[in-house]
Amino acid sequence: MSDYMQHPTAVVDSPCQIGKGTRIWHFSHVMPDCVIGENCNIGQNVVVSPQVRLGNGVKVQNNVSIYTGVECEDDVFLGPSCVFTNVINPRSALVRKDQYRPTLVRRGASIGANATVVCGHVIGKYAMVGAGSVVTKDVPDYALVVGNPARQVAWVSEYGHKLRFDAKGEALCPESGQKYVLENNSVQRIS
């Protein structure tokens, strides 16, 4: 008996490492050599390609494609039908598996529904990618990006609220009371 839940219609190839308390739902496919942390939720009709790494507490909503080369740190949220790429210029007649570019989604980041993340980029800690956005470059920690191509429109707290900085470059999260500072176009939590 395993420490994770696998729906009868889900397929988990061997070998894989899947953490305690993780749930893998209807018609999802986890391919070989994946590492999935504890207490993750893999929604319906999700594809997790070979060698993908997901940290603890990652939530993957329905119809998401996570291709080889992607790593998500702890507490990442992947919204419904978002997709990652892994080759910059794919062609059906050309095998380019040796050209996979890595994509890193840092701790606590959220990617909205139907967003596309072009390979080879880093999505920063606690960043938010708006629904339908197309990420074509790195996203800074705590940044909110939207559109096609995705452009930064605000900074957000770890709780996902827009931060409003005062003249000293300081802001408080309205929900948590956490304090943030903006210096040199970079945000850090200071309490």
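**Strand pairing and a tyrosine cluster**

Tutor: Strand 23 (residues 170-172) and strand 24 (residues 179-183) run antiparallel and are joined by three bridges. This is a predicted model, in which local features need pLDDT of at least 70, side-chain atom pairs count only at pLDDT 80 or more, and totals for chains, interfaces and linings use all residues. Residues are numbered from 1 along each chain as its sequence is written, and side-chain values use heavy atoms, with hydrogens and water left out.

Student: What makes strand 23 and strand 24 a pair?

Tutor: Two strands pair if DSSP finds at least two bridges between them; here three bridges join them. Strands themselves are DSSP runs (E, at least two residues), numbered from the N terminus. Glutamate 170 stands opposite valine 181 in strand 24.

Student: What lies between strand 23 and strand 24 in their hairpin?

Tutor: Six residues, with glycine 177 in the turn at a positive phi of about 80°. The hairpin of strand 24 and strand 25 has two residues between the strands, and asparagine 184 in its turn has a positive phi of about 55°. Strand 24 and strand 25 (residues 186-189) are joined by four bridges.

Student: Why are strand 23 and strand 25 called edge strands?

Tutor: The open sheet has three strands in the order 23-24-25, with antiparallel pairing. Strand 23 and strand 25 each have a single partner strand, so one side of each is left without a neighbour in the sheet.

Student: How do you know that tyrosine 126 and tyrosine 142 are stacked?

Tutor: Rings of Phe, Tyr and Trp (its six-membered ring) pair if their centres lie within 6.5 Å; planes under 30 degrees apart count as stacked, over 60 as edge-to-face and the rest as tilted. The centres of these two tyrosine rings are 5.7 Å apart and their planes are at 15°, so the pair is stacked.

Student: Why is the pair of tyrosine 142 and tyrosine 180 called edge-to-face?

Tutor: The ring centres are 5.5 Å apart and the planes stand at 70°, so this pair is edge-to-face. The pair links tyrosine 142, in the loop between strand 20 and strand 21, to tyrosine 180 in strand 24, 38 residues apart. Tyr126, Tyr142 and Tyr180 form one aromatic cluster.
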